[in-house]
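Me: I've got a structure open and would like to talk it through. Can you take my questions as they come?

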Amino acid sequence: MEGELKCPVCSKYYVKPVLLSCSHNLCSGCAHSLQDLADKFLPQNDENNSDHGDYPDVDKLSIVSETDSGVVCNSRPSSYISTPSIHNLFLSSTHLANGCVYGIKCPVCKKVTYLGETGFQSLPRNRVLDIIVEKFSDSSDKIENVILKCELCDTDKPRDATVVCEQCEVHYCESCRERCHPSRGPLAKHNLIDPEKGRTLLRAKLKNKDQKCYEHTEEVLSLYCLTCKIPICIMCQQDGPHINHDSQAIGAMCKTHKTELSQTLQSLSEKAKTETEFIQKLKAMTERIPPNCVDFEALVVAQCDSLIDAIQQRKQELLDFVSAERDMKVKILKDQAHACTSHLQKTTSLLYFCIEVLKESDPASFLQISSSLLNRVSLVDQHFFKEIGLIPRVSPEFELTLDNSSVLHAIQTMNFFQMKAPGQPAILPEECSAENNSVTIAWQPYPGSVVDAYTLELDDGNGGDFRVVYIGPEMMCTVDGLHFNSIYNARVKCQNHAGESDYSDLVSLQTAEAGLYSQCMLENHLLSDTRRLLEHLRHLKK
């Protein structure tokens with residue numbers, strides 16, 4: 001699950017990960033580097049249009065969504081999670097000073113998280129991800145030793161941290177420590193320790209302390225707001241921004257979300273298992289191609305040698321074709337196996353990450369990311385087979401043979417032909433029609449099949465036996481002289497020198513009623529008689 005544990009900015013494993021409003025994560029230091037003034041992220045107003053009637057294409061759907069990066073900014077540290085409003089998305093820089101001061105554009109989805117005066121420091125810590133990274137770091141040698149950086153350096157490349165304050169929980173380089181954390185006054189009693197020891201100590205503190213409300217800092221997160229989909233405290237519900245929102249106990253919601261995520265993960269796990277088996281099948285097929293090719297080449301050589309001089313030039317052309325066919329098959333199957341492996345790797349990474357998330361015992365921490373993670377897993381589960389089809393793109397068999405029974409003058413036109421029966425043809429319902437007492441049926445061959453002729457069959461209009469009404473190479477046929485007001489079932493098959501295909505699926509067509517047809521015929525006769533009468537009158541006039 002390494003891909004789930006790496007920051008999209010620095011491409012290294014997360015250090016003190018924080019959550020953006022779009023549910024993506026960043027290292028705390030990376031969030032600091034991406035932070036900029038909020039007015040730089042707002043669209044510029046058109047001087048010739050003051051009514052804001054048509055907003056820019058910043059993400060018009062995001063403006064009215066309750067769960068994306070649209071934000072109502074105020075003085076609360078967690079204000080970026082609030083319900084969005086179009087007006088607040090297009091605040092002037094004057095109003096920004098009263099609420100949204102900073103903004104961070106997500107490097108993954110490009111949505112903006114607006115923040116107050118404290119900037120990135122008000123972003124909630126993703127405790128679950130932090131613990132998983134630390135656990136993975138302890139149990140695996142894949143994570144390199146991360147050099148902790150100073151969190152207060154203003155440069156693009158912060159200096160290495162030399163100490164960490166146990167009380168402030170901030171890493172300092174020597175310069176920033178002397179400037180921001182002097183060893184005097186109220187800070188003199190703070191305990192400054194080595195970064196590596198501080199890392200272990202802060203990790204233990206993070207696991208043991210309850211998460212507090214961002215607005216009511218003394219209150220523990222004990223409820224889950226069903227409207228905003230975030231953990232809240234009792235004060236937020238009784239006298240806060242969630243006063244009219246539905247909420248449930250955080251423990252019950254944690255159990256519900258874990259159960260739902262587990263069920264979805266089980267389904268995804270079964271599909272990942274199926275894909276693993278398919279990849280093994282592709283690899284086995286790839287290994288069968290070279291020996292099959294050798295056998296096929298030997299057959300081609302034996303047949304070509306019997307034609308002596310006249311066939312020598314053609315023989316080389318055939319061998320070149322076989323080699324090219326081999327290379328194509330190997331390349332296609334290897335490319336497909338590589339694509340499936342890559343897709344499986346991403347799926348497996350997500351599975352292991354979710355399993356680790358499910359081990360989180362703190363409900364508030366789990367629910368902090370459960371909704372977005374559940375949506376993500378569900379989306380991957382729904383589109384699993386759409387993204388990667390579990391059908392080999394080519395066959396490992398060389399389904400060709402060489403016909404050496406033709407006479408010498410046909411050597412120059414000699415070529416490979418398929419030695420298998422064609423696939424099942426498909427009737428095209430949108431191109432089929434019924435008019436009066438006739439029906440028209442259209443069909444198409446199975447992709448890649450070689451067809452010599454098609455056979456169209458029709459029943460008797462009463463669900464009886466089928467009878468052949470057409471045999472030939474065409475892919476459309478009109479059958480006349482049928483019974484009126486009857487439902488006819490049609491099917492088609494195809495054949496070549498190797499055999500016949502299965503019948504296509506049935507298509508049903510209904511002929512017109514006899515009375516309607518008689519009326520049409522009467523109208524046609526009247527029209528014809530009228531034309532003849534007019535012609536006769538013109539002739540008399542002349």
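Me: What's the mean pLDDT of the protein chain, and what share of residues reach 70 or more?
Reply: The mean pLDDT is 79, and 81% of the residues in the protein chain reach 70 or more.

Me: Where does pLDDT stay under 50?
Reply: Over residues 46–98. The model has 79 contacts beyond four places in sequence for that stretch. Where pLDDT is low, the predicted coordinates should not be read in detail.

Me: OK, the overall build next. How many helices and strands are there?
Reply: The protein chain has 13 helices and 22 strands. It runs to 542 residues, and 40% of them count as buried.

Me: And for contacts between residues at least 6 apart in sequence, what percentage join residues at least 24 apart?
Reply: That comes to 61% in the protein chain.

Me: Are Cys165 and Cys225 buried or exposed?
Reply: Cys165 is buried, at 0% relative accessibility. Cys225 is buried too, with a value of 0%.

Me: Switching to helices. How do α9 and α11 cross?
Reply: Helix α9 covers residues 250–305 and helix α11 covers 363–382; their axes come within 9 Å and cross at roughly 30°. Angles under 35 degrees count as roughly parallel, so α9 and α11 are roughly parallel to each other.

Me: Which hand is the crossing of α9 and α11?
Reply: Left-handed.

Me: Asp381 is one I'd like to look at. Where is it, and what does it touch?
Reply: Asp381 sits in helix α11. Beyond its neighbours within four places in sequence, Asp381 is in contact with Thr264, Ser267, Leu268 and Lys271.

Me: Is that Asp381 side buried or exposed?
Reply: Asp381 counts as buried, because its relative accessibility is 14% and the limit for buried is under 20%.

Me: Next, Arg177. Which helix is it in?
Reply: Arg177 is in helix α6, which spans residues 174–180. Arg177 is buried, with a relative accessible area of 14%.

Me: What is Arg177 in contact with, leaving aside neighbours within four places in sequence?
Reply: Val163, Tyr172, Pro182, Ser183 and Leu192.

Me: How about Glu151, where does that one lie?
Reply: Glu151 is in the loop between α5 (127–139) and β6 (163–165). Although in a loop, Glu151 is buried, at 17% relative accessible area.

Me: Which residues is Glu151 in contact with, again leaving aside neighbours within four places in sequence?
Reply: Lys16, Ser28, His32, Glu169, Val170 and His171. As for Val164, it is 13 residues along the chain from Glu151, and the C-alpha atoms of the two are separated by 10.0 Å.

Me: And Lys420, what does it touch?
Reply: Not counting residues up to four places away in sequence, Lys420 touches Glu399, Asn496 and Ala498. Lys420 lies in the loop between β13 (417–418) and β14 (426–427), and it counts as partly exposed, at 39% relative accessibility.

Me: How far apart are Lys420 and Ser449?
Reply: They are 29 residues apart in sequence and 8.8 Å apart in space, C-alpha to C-alpha.

Me: Last topic, backbone angles. What is phi of Lys229 near?
Reply: Phi of Lys229 is near 60°, a positive value in a residue other than glycine. Most residues other than glycine have a negative phi.

Me: Where is Lys229 placed?
Reply: Lys229 is in the loop between β9 (223–225) and β10 (230–232). Lys229 is partly exposed, with a relative accessible area of 42%.

Me: And what about phi of Ser11?
Reply: Phi of Ser11 is also positive, near 60°. Ser11 is placed in the segment before β1 (17–19).

Methods: Residues numbered from 1 in each chain as written. Predicted model: local features only at pLDDT ≥ 70, side-chain atom pairs only at ≥ 80, totals over all residues. Heavy atoms only, no water. pLDDT = per-residue confidence, 0-100. Contact = heavy atoms within 4.5 Å. Buried < 20%, exposed > 50% of the residue type's maximum accessible area, 1.4 Å probe, protein only. Helix = DSSP H or I, 4+ residues; strand = E, 2+ residues; numbered from the N terminus. Axes fitted to C-alpha atoms, helices over the stretch in contact; angles between N-to-C directions. Parallel < 35°, antiparallel > 145°, perpendicular 65-115°, else oblique. Left-handed = near helix turned anticlockwise from the far one by under 90°.
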